[in-house]
Amino acid sequence: MKETSGPAGFGAPFTDALRRTFHRGVKAWPTALLLVLIVILALPAGWLLAPAFTGPASVQAPETPAWQQAPTSLSTRQGLSPLTDSAPVPVQAAVTAQLEPVLKPDGGGTFTGMVQDALTGQVLFDRGGSENRIPASNMKLLTAVAALRVLGPDERFSTRVVAGPTPSQVVLAGGGDVLLGTGKSAPEQVMGHAGLATLAEATVAALQENGATGELTVLVDDSLFSGPSLNPAWASGDVEAGEVAPLYPLALNSARFDPAVITGPRPQDSAITAGEAFAEQLKAAGAAAGLTVAAGVGRSSAPADSDPTVLAEVQSATVGEQVDLMLQTSDNYLAEVLGRMAAAAQGQPASNDAATATVRAQLTELGIPTDAMRLADVSGLALDNQVSARQFSEVVRAITSGPDLRLRAALAGFPVAGLTGTLDTRYGDSSTAGGAGLVRAKTGTLNSVIALSGYVVDADGRLLVFSFIGNGLTPGAGGNKEALDRAATALAACGCR
């Protein structure tokens with residue numbers, strides 16, 4: 001019988017020694033282990049690889065799949081192509097055929113509507129588009145245009161603390177920021193961008209430099225606004241429900257007790273409420289400096305043309321950011337304030353009448369006819385407002401593709417269907433899901449009124465603007481919102497040729 005020689009490089013003497021070592025028993029195991037290790041270490045490297053024991057030497061290890069290898073180049077950038085006028089314009093008859101069956105009221109009332117090509121203004125659908133209608137919160141689109149044109153998207157409002165009539169008094173002067181927060185300024189936010197804690201700390205530092213000591217009294221200057229703080233055109237029930245509150249040029253959280261609670265009662269004197277919150281922050285900041293703050297907050301009676309010493313100042317988020325917040329959340333209070341601030345910027349009284357006049361004037365300058373338009377407020381809460389679907393469609397056109405680039409700042413404020421703002425819970429059923437993420441529109445809702453005005457890129461890449469308004473509707477009828485949403489969804493899917 002031929003004897004095996006063992007691994008390459010080792011002959012019979014070595015294998016015999018290994019065999020004898022194992023035969024000696026347990027006491028010899030250290031020596032055996034050492035010999036095994038010597039054998040392993042002496043093996044050729046190829047013997048230690050699995051293929052050497054599982055198949056012929058000619059079998060190669062599989063190549064690394066392409067998807068596991070490092071890329072040799074970057075993939076092509078993907079996304080929406082820029083809008084151009086080369087995309088085909090839908091045919092009016094085809095658009096009408098899509099919208100007529102879905103734009104029907106649930107119960108009583110009627111819908112009017114207008115659809116236009118954004119680039120050319122060509123009318124693609126017109127159902128009573130020039131008729132005056134109660135627009136509800138679609139009115140805020142008009143206010144957005146006026147604020148951006150008059151104030152500019154980069155403008156900010158200042159809230160200042162100035163020296164009072166006596167050395168022991170400081171005055172919190174409202175400059176139009178109604179989104180103040182009680183804590184430190186939060187530059188990354190719109191609500192609370194300017195904080196009263198930051199303002200109080202800066203005030204204390206200035207007072208220390210001036211050598212102030214003892215007790216301070218906080219006064220509030222809210223003289224910027226004029227006229228009634230409550231619009232007589234607003235229903236008392238809407239005020240009681242917290243849809244709006246008396247207007248002042250400074251407020252916390254857009255005149256709400258809690259920024260996270262957007263329904264229910266509001267402060268009825270937001271200026272004094274802000275003054276009281278500032279006094280608390282001033283008390284906390286001044287404790288280490290030996291300053292105390294008297295209880296209670298009063299109103300300043302200083303002359304409007306006085307030039308007081310400014311002790312500290314904080315600035316709001318930009319007008320563009322505030323416009324976007326107003327549109328996203330449909331904030332009535334913020335809309336009314338922006339309208340008054342636009343009027344004040346043109347040297348007019350910061351009143352309701354001047355605000356509505358300013359909005360009308362700005363639309364006229366854009367070339368939008370306003371002779372038949374009636375404006376009772378700038379938030380849309382009043383039932384006396386009368387605006388047509390065509391006027392809203394033209395306003396959206398001006399925002400999306402008009403020559404005044406300042407208006408582009410409002411684009412981010414349009415709620416996105418099924419995702420953001422007042423459209424976040426809509427476009428969820430099978431008849432409207434196709435518009436989710438595509439339709440961008442401002443909503444409007446009152447008891448018997450519903451509206452939707454916005455823009456959409458259709459299936460062929462054409463930018464369309466639209467406005468649908470329902471009046472005299474059956475209160476609480478759920479099918480009316482769905483009718484508007486189905487109409488907008490039909491536009492999103494439209495090739496319509």
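1. A pocket is here an open set of grid points, on a 1 Å grid over the protein atoms alone, with protein on both sides within 12 Å along at least five of seven lines. In this predicted model, the largest pocket has a volume of about 880 Å³. Its lining comprises 33 residues, and those closest to the centre of the pocket are Ser137, Glu243, Thr329, Ser330 and Asn332.

2. As to the make-up of that lining, 16 of its residues are polar, 9 are nonpolar and 8 are charged. Among secondary-structure elements, helix H9, which spans 319–329, and strand E10, which spans 440–446, each supply at least two residues of the lining of the largest pocket, and E10 gives the most, with 5 residues.

3. Confidence should be read alongside any use of the coordinates. The average pLDDT of the chain is 88, and 84% of the residues score at least 70. Over residues 1–43, however, the pLDDT is below 50, and in the model this stretch has 21 contacts beyond near neighbours in sequence. Residues 45–57 also have a pLDDT below 50, and for this stretch the model shows 5 contacts beyond near neighbours in sequence.

4. On the overall fold, the chain contains 13 helices and 12 strands, and buried residues make up 47% of its 497 residues. Of the contacts in the chain with a separation of 6 or more, 68% are between residues 24 or more positions apart.

5. In soluble globular proteins, nonpolar side chains tend to be buried together. The largest nonpolar core in this model has 95 residues, and those with the most contacts inside it are Leu142, Phe278, Leu282, Val323 and Tyr333. Helix H5, residues 139–150, gives the most to this core, with 8 residues. A second, separate core has 29 residues, including Phe111, Val115, Leu124 and Cys494. Leucine 142, one of the residues with the most contacts inside the largest core, is in contact with Val359, Leu363, Met373, Leu375, Val387, Phe392 and Val395, when its neighbours within four places in sequence are left aside.

6. Threonine 203 is found in helix H6, residues 196–209, and because its relative accessibility is 0%, it counts as buried. Not counting residues up to four places away in sequence, threonine 203 touches Val161, Phe278, Leu282, Leu311 and Ala312; two of these partners, Phe278 and Leu282, are among the residues with the most contacts inside the largest nonpolar core. Threonine 203 and leucine 311 are 108 residues apart in sequence, while their C-alpha atoms are 5.6 Å apart in space.

7. Backbone geometry deserves a check at two serines. Most residues other than glycine have a negative phi. Serine 254, although it is not a glycine, has a positive phi of about 55 degrees; it is placed in the loop between helix H7 (236–240) and helix H8 (270–286). With a relative accessibility of 1%, serine 254 counts as buried, because the cut-off for that class is under 20%.

8. Serine 330 likewise is not a glycine and has a positive phi of about 55 degrees, and its place is in the loop between H9 and helix H10 (332–345). The relative accessibility of serine 330 is 16%, so it too counts as buried.

9. Which class of accessibility applies to aspartate 307, with a relative accessible area of 75%? Aspartate 307 is exposed, because 75% is over the 50% cut-off for that class. Aspartate 307 lies in the loop between strand E7 (291–299) and strand E8 (310–315). Aspartate 307 and alanine 163 are 144 residues apart in sequence, and the distance between them in space is 9.9 Å, C-alpha to C-alpha.

10. Serine 431 lies in the loop between helix H12 (389–401) and E10, the strand that gives the most to the lining of the largest pocket. Its relative accessible area is 34%, so serine 431 is partly exposed. Leaving aside neighbours within four places in sequence, serine 431 is in contact with Arg486 and Thr489. Serine 431 and arginine 486 are 55 residues apart in sequence and 6.4 Å apart in space, C-alpha to C-alpha.

Terms used: Residues are numbered from 1 along each chain as its sequence is written. This is a predicted model: local features need pLDDT of at least 70, side-chain atom pairs count only at pLDDT 80 or more; totals for chains, interfaces and linings use all residues. Side-chain values use heavy atoms; hydrogens and water are left out. On a 1 Å grid over the protein atoms alone, a cavity is a set of points where a 1.4 Å probe fits but cannot get out, and a pocket is an open set with protein on both sides within 12 Å along at least five of seven lines; lining residues have an atom within 4 Å of a point. Grid points are joined across faces, edges and corners, and a volume is the space filled by probe spheres set on the points. Helices (H or I, at least four residues) and strands (E, at least two) are DSSP runs, numbered from the N terminus. Ala, Val, Leu, Ile, Met, Phe, Trp, Tyr, Cys and Pro count as nonpolar, Asp, Glu, Lys and Arg as charged, and the others, Gly among them, as polar. pLDDT is the predictor's confidence in each residue, from 0 to 100. Contact means heavy atoms within 4.5 Å. A nonpolar core is a set of buried Ala, Val, Leu, Ile, Met, Phe, Trp, Tyr and Cys residues joined through side-chain atoms within 4.5 Å. Buried means under 20% relative accessible area, exposed over 50%, partly exposed in between (1.4 Å probe, protein chains only).
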